[in-house]
Amino acid sequence: DFSLSLLPNPCIDKTVLKIQGLEKDAEVVLYDINGRKVNDYSYKAGQESLTIDVNGLEKGVYNLRISN
């Protein structure tokens, strides 16, 4: 089984991504609403969580792309 959570959402200074059931390492990319890449992260298979620091980002809508 595969499940994903991103909490809290919305957030002020950080948010925590949790992926259960990830079988291979994944790349996590954060994009702003205009499609510009803001940051990228590695998420290892079996990793418990990934903390994403959003300090310094403008308020707004962001998208995460998770691929492996």
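How many bridges join β3 to β6? I looked this up before anything else. Six bridges join the two strands, and they run antiparallel.

**Ground rules**

I am reading a predicted model, where local features need pLDDT of at least 70, side-chain atom pairs count only at pLDDT 80 or more, and totals for chains, interfaces and linings use all residues. Residues are numbered from 1 along each chain as its sequence is written, and side-chain values use heavy atoms, with hydrogens and water left out.

I take strands as DSSP runs (E, at least two residues), numbered from the N terminus. I call two strands paired if DSSP finds at least two bridges between them.

I traced an open sheet of three strands in the order β4-β3-β6, with antiparallel pairing. β4 and β6 are its edge strands, and each pairs on one side only. Neighbouring strands here are turned by 20° against each other on average, direction ignored. For such angles, axes are lines fitted to C-alpha atoms, and values run from 0 to 180 degrees between N-to-C directions.

I then picked out single bridges. Val-29 has Arg-65 as its bridge partner in β6. Val-28 has Tyr-41 as its bridge partner in β4. β3 (residues 26–32) and β4 (residues 37–43) pair in the antiparallel sense over six bridges.

**Entry: the β3-β4 turn**

I followed the chain from β3 into β4 and found a hairpin with four residues between the strands. Gly-35 sits in the turn with a positive phi of about 85°.

Is Asp-32 buried or exposed? It is buried, with a relative accessible area of 13%. My cut-offs, with a 1.4 Å probe and protein chains only, are under 20% for buried, over 50% for exposed, and partly exposed in between. Asp-32 belongs to strand β3.

I checked its side chain for polar contacts (a pair of N or O atoms within 3.5 Å; within protein, one must be able to donate a hydrogen and the other to accept it, and residues adjacent in sequence count only if both atoms are side-chain atoms). A polar atom of the Asp-32 side chain lies 2.9 Å from the backbone nitrogen of Asn-34. The Asp-32 side chain also reaches the backbone nitrogen of Arg-36, at 2.9 Å.

I noted five bridges between β1 and β2. Ser-3 has Gln-20 as its bridge partner in β2. Leu-17 is bridged to Leu-50 of β5, and Thr-15 to Ile-52 of β5.

I also looked at the two faces of β2. Thr-15, Leu-17 and Ile-19 make up the covered face, while Lys-14, Val-16, Lys-18 and Gln-20 make up the uncovered one. In a regular strand, side chains alternate between the two faces of the sheet.

Which peptide bond ending at Pro-8 is cis? It is the bond from Leu-7 to Pro-8, with omega near -10°. A cis peptide bond also joins Asn-9 and Pro-10, with omega about 10°.

I went back to Thr-15, which counts as buried at 5% relative accessibility. A polar atom of its side chain lies 3.3 Å from the backbone oxygen of Leu-7 and 3.0 Å from that of Pro-8.

**Entry: the largest pocket**

I recorded about 490 Å³ of space in the largest pocket. A pocket here is an open set of points on a 1 Å grid over the protein atoms alone, where a 1.4 Å probe fits, with protein on both sides within 12 Å along at least five of seven lines; lining residues have an atom within 4 Å of a point. The volume is the space filled by probe spheres set on the points.

I listed 19 lining residues, with Asn-9, Cys-11, Val-54, Gly-60 and Tyr-62 nearest the centre. Strand β6 (residues 62–67) gives the largest share of the lining, four residues.
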